[in-house]
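Please read it alongside the sequence and the coordinates.

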Amino acid sequence: MYAWPTSLSASITKLAVKENYRGQGRGEALLEAAIKKCRTRTVLRIRLHVDPLRTPAVNLYKKFGFQVDTPTRLSNVHRF
């Protein structure tokens, strides 16, 4: 994840859980930690990219309130 110290937006550049650790809530924990870090920096928008074919990942992001911007291979997902 990166954000400029004075920025109101941040990007999560890569969030992944190894296959044998999936389904244990680790992705949720990572995403929640990233969101909390953004809140401490007064970030208002978080952007990330996800392959729309990775349904479990897309569902996780939607569960946290993210919205899919475009139906392209790499979609922009935002949290407001």
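Of the 80 residues in the protein chain, 30% are buried, a value that, like every other given here, is computed from a predicted model. The secondary structure comprises 2 helices and 4 strands, and these follow one another along the sequence in the pattern β-α-β-α-β-β. When contacts between residues at least 6 apart in sequence are considered, 52% of them join residues at least 24 apart.

**Nonpolar core**

The largest nonpolar core contains 15 residues, and L31, I46, Y61 and F66 are those with the most contacts inside it.

Leaving aside residues up to four places away in sequence, L31 touches I12, L15, L60, Y61, F64 and F66.

The structure holds 1 aromatic pair. It is formed by Y61 and F66, whose ring centres lie 6.0 Å apart, and because their planes meet at 65°, which is over the 60 degrees required, the pair is classed as edge-to-face.

**Helix α1 at E32**

E32 lies in helix α1, and its relative accessibility of 38% is the reason that E32 counts as partly exposed, since that category covers the values between 20% and 50%. Although E32 and F64 are 32 residues apart along the chain, their C-alpha atoms are separated by 8.3 Å.

**Largest pocket**

What is the volume of the largest pocket? The largest pocket has a volume of about 710 Å³. It is lined by 24 residues, of which L15, A16, V17, A57 and Y61 are the closest to its centre. Y61 is therefore a residue of the pocket lining as well as one of those with the most contacts inside the largest nonpolar core, and it takes part in the edge-to-face pair with F66.

By residue class, the lining of the largest pocket divides into 12 nonpolar, 6 polar and 6 charged residues. Helix α1, strand β2 and helix α2 each supply at least two residues of this lining, and the largest share, 4 residues, comes from α2.

Key: Residues numbered from 1 in each chain as written. Predicted model: local features only at pLDDT ≥ 70, side-chain atom pairs only at ≥ 80, totals over all residues. Heavy atoms only, no water. Phe/Tyr/Trp six-rings, centres within 6.5 Å; stacked < 30°, edge-to-face > 60°. Core = buried A, V, L, I, M, F, W, Y, C linked by side-chain atoms within 4.5 Å. Buried < 20%, exposed > 50% of the residue type's maximum accessible area, 1.4 Å probe, protein only. Contact = heavy atoms within 4.5 Å. 1 Å grid on protein atoms, 1.4 Å probe; cavity = no way out; pocket = protein on both sides within 12 Å on 5 of 7 lines; lining within 4 Å. Points joined across faces, edges and corners; volume = space filled by probe spheres on them. Nonpolar A, V, L, I, M, F, W, Y, C, P; charged D, E, K, R; others polar.
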